[in-house]
Amino acid sequence: MRVIRHRGRFALAVVLSAALAAATACAGDDGKSSDGNEKITLTVDDFGTFGYQDLYKQYEAQHPNIKINERNVPKLDDYTPRLQQWIAAGAGAGDVVAIEEGIMVKFKAQPDKFVDLKKYGAGSLQNNFIPWKWQGGMSPDGSKLIGLGTDVGSMALCYRRDLFKKAGLPSDRDAVTKQWATWDDFINVGKKFTAAIGGGTKFIDSPETYYNTILMQEAGKGSNQTYFDQGNKFVMESNPAVKAAFDETVKMSQAGLANGVQFLSDPWSQALKKDAFATAPCPAWMLGLIKQYGGDGQSGKWDVAGVPGGGGSWGGSWLAVPTQSKHPKEAADLVKFLTSAQGQVAAFKTANNLPSSPQALNDSAVKAFDNPYFNNAPVGQIYAPAAMNLKPVYLGADNQEVRQAVEADLRAIAQGKLSPGSGWSKAVSDAKKAAGTG
Amino acid sequence: MALDVRPTAPAGAAVAPPGRRRLRTRLSRLDVSLSPYLYISPFYLLFLVFGLFPLGYTFWVSLNHWEMIGDHEFIGLRNYTRLLTDDQFWNAVGNTFGMFVIATVPQLLLALLLANALNRKMRAPTLFRMGVLLPLVTSVAAVAIVFTQMFGRDYGMANWVLHFFGVHKVDWQANKWSSWLAVSTMVDWRWTGYNSLIFLAGMQAIPHSLYEAAAIDGASRMRQFWKITVPLLRPTIVFVTIISTIGGLQLFTEPLLFNNGYMNGGSLRQSQTVAMYMFENAFNRFQYGYGSAVAWMLFLMILIFSLFNFLIIRRLAGGEK
């Protein structure tokens, strides 16, 4: 009898748990199809500051079935290898991924890994972008549209107004711009600054930020290429632009101007907060970073002046949809929304990422934008007009690896651990190794 | 109640036919000889799948030119010959051994002394014995981040303390010796207590009567330590040394975080370890073949060096034997 009761109990338990499972399954189904629309979560992978938070909220409000989940990696250098792995493995990447100009060629070389956005109605958007930015999003054979442009990195220079004043230098942004027509002038100003201030405050932040700025300027003046030519051949040794940028940066280190902290590392943000450097190159996206890392304490102390050497560009990105996304249509719609003129204007207001859309660049909200964090600098006026005239610089597939190798040597020179004389030849050989050709 | 559901007592067993009986005996013999292997088999099966197979597969990859995109091509041992002339690889080997020596030698000596102290009679022994394990409980990332801040160039505590002694600011990441020292400090902080507990366990297995006899003969504490504790602790010392060798040669997280997460281990690769170089090749440069070759070299290094350590320690601690 007891055995039977046992069995009875067991049977009861089975029935009960089955019923429970069925009930929860039903509940799950109900939640899923509330109004015939499936709930979709779109994951956006990006780096640095894209300034999209408000846009996400707006988009979610307009599309109740869509939830957006941003996975942000602060440093581009950390972001790239992850994205590479996800794309190669065919799993792990978000539905929307940001691709920076320095790594765009690498990813465009795998066009079958990305959705052709023309299939989702983006083909008609050509006039919404500066021509070269639109072109930059096309696959190498021009048949597929892989990415839609977000921002461009037209160039200015951020400086600490208060510290310049303290050093007895002109501190008004026009006067500051006037005193450094060339990079050699800039170094001379730096020497004066260092003589007057001294102590723990250096004139520039990291050698690598200045090096990249000058490199892009020099490349833009000449061949429009840096370490690689359009055929992805390694041309660092024969490209005068790289040598010129390298030498100019070494000069800065030799003059003792560099703080030497690694860009975007913890020591960099500490140095920023503790007034340990007085200038930093400011492509438009840098404004957002300085504000983010500097915090409230630095508000109003910085200002924006023109960059020595006349104009230039560094950075800027595209948004793409990997083919591994399960919701390519929804993802493509989100990309179109974020890169639309109105989306770019909103991103500019949040993070000062300079639009790549002519309509957005001409929008009064951009043109007339003064940035209170940077002493009300008219950043719209400073950046927007130059953006229309920018020329793209070709950055080869292994650009990031090579760049990191050269940056490390420049930092070693700033640390005084590598002699400037042997720096260039070591940089070339390290670069070759990083490119896999040495 | 439980009795109700039990099978009835095997009354029939006694009268079972001889054939079945023989089967039973054979089964029970098999049970005795086979069961132990079956019990330990899960480990070895898992090891086969998750240890041995990857090991073999990595070796296969290392014989190929294998990049992330495109096909791979069999190139024999060419990755290895390239490795032997790669100055970045040898730099990493030098760093790894340098940091291993700086970290492990003082660490094991310290752990031995600490264990000896903990082995004495004291109040609240468990509290103190568990206390030395605390650094191990903290996550390695947290330790590395805190220590990296302490070894900061401009605002670090280490430089602040040093300036009282008139020492100029040290850029800890910029020199080989200083970066090795900083990384070794992190390693020691985490592992000294752990090793001392293993030593302590070994010490407690040493019969107390030996010490009493030695004390009656007038041997000092120091003498007792060197003449009784250390020789009898030999197996433990060998074990701890080999475990530390394996751990030390695989050093990765501490130097990585010490360099702001950059795989190159400093502007001139001052503190890049072999494990970091492996990772840099495989997952930053995406040269899987070459990275796998580095992995296999690391494996061989650990094997050879552990054997080498084993022989030396057996000699040093065993003396007469």
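**Inside chain A**

Tutor: Let's start with α14(A), which gives the most to the lining of the second largest cavity, namely 3 residues. Helices are DSSP runs of H or I with at least four residues, strands are E runs of at least two, and both are numbered from the N terminus. A cavity is a set of points, on a 1 Å grid over the protein atoms alone, where a 1.4 Å probe fits but cannot get out; lining residues have an atom within 4 Å of a point.

A word on the ground rules: this is a predicted model, where local features need pLDDT of at least 70 and side-chain atom pairs count only at pLDDT 80 or more, while totals for chains, interfaces and linings use all residues. Residues are numbered from 1 along each chain as written, chains are lettered from A and ligands numbered from 1 in written order, and side-chain values use heavy atoms, without hydrogens or water.

Back to that second cavity. Its volume is about 60 Å³, a volume being the space filled by probe spheres set on the points, which are joined across faces, edges and corners. Around it sit A:F50, A:Y52, A:T150, A:D151, A:L338, A:G343, A:Q344, A:A347, A:N353, A:L354 and A:P355. Two or more of the lining residues come from each of β4 (147-160), α14 (341-351) and β9 (354-355) of chain A. By class, 6 are nonpolar, 4 polar and 1 charged; here Ala, Val, Leu, Ile, Met, Phe, Trp, Tyr, Cys and Pro count as nonpolar, Asp, Glu, Lys and Arg as charged, and the others, Gly among them, as polar.

At least three come from each of domain 1 (40-152 + 316-367) and domain 2 (154-313 + 393-435) of chain A, with bounds from an automatic or database assignment.

Among the elements giving two or more residues to the largest cavity's lining are α4 (101-108) and α9 (207-221) of chain A. Helix α9 of chain A holds A:N212, which is buried at a relative accessible area of 5%. A:N212 touches A:W314, A:R403 and A:E407, leaving out residues up to four places away in sequence; contact means heavy atoms within 4.5 Å.

α12 of chain A is another contributor to that lining, and it leads on to the largest nonpolar core, of 90 residues, where A:M236 and A:I290 have the most contacts inside it. Such a core is a set of buried Ala, Val, Leu, Ile, Met, Phe, Trp, Tyr and Cys residues joined through side-chain atoms within 4.5 Å. Helix α12 (284-294) of chain A supplies the largest share, 7 residues. Both domains of chain A give residues to this core, so it lies between them.

Terms used
Buried < 20%, exposed > 50% of the residue type's maximum accessible area, 1.4 Å probe, protein only. 1 Å grid on protein atoms, 1.4 Å probe; cavity = no way out; pocket = protein on both sides within 12 Å on 5 of 7 lines; lining within 4 Å.
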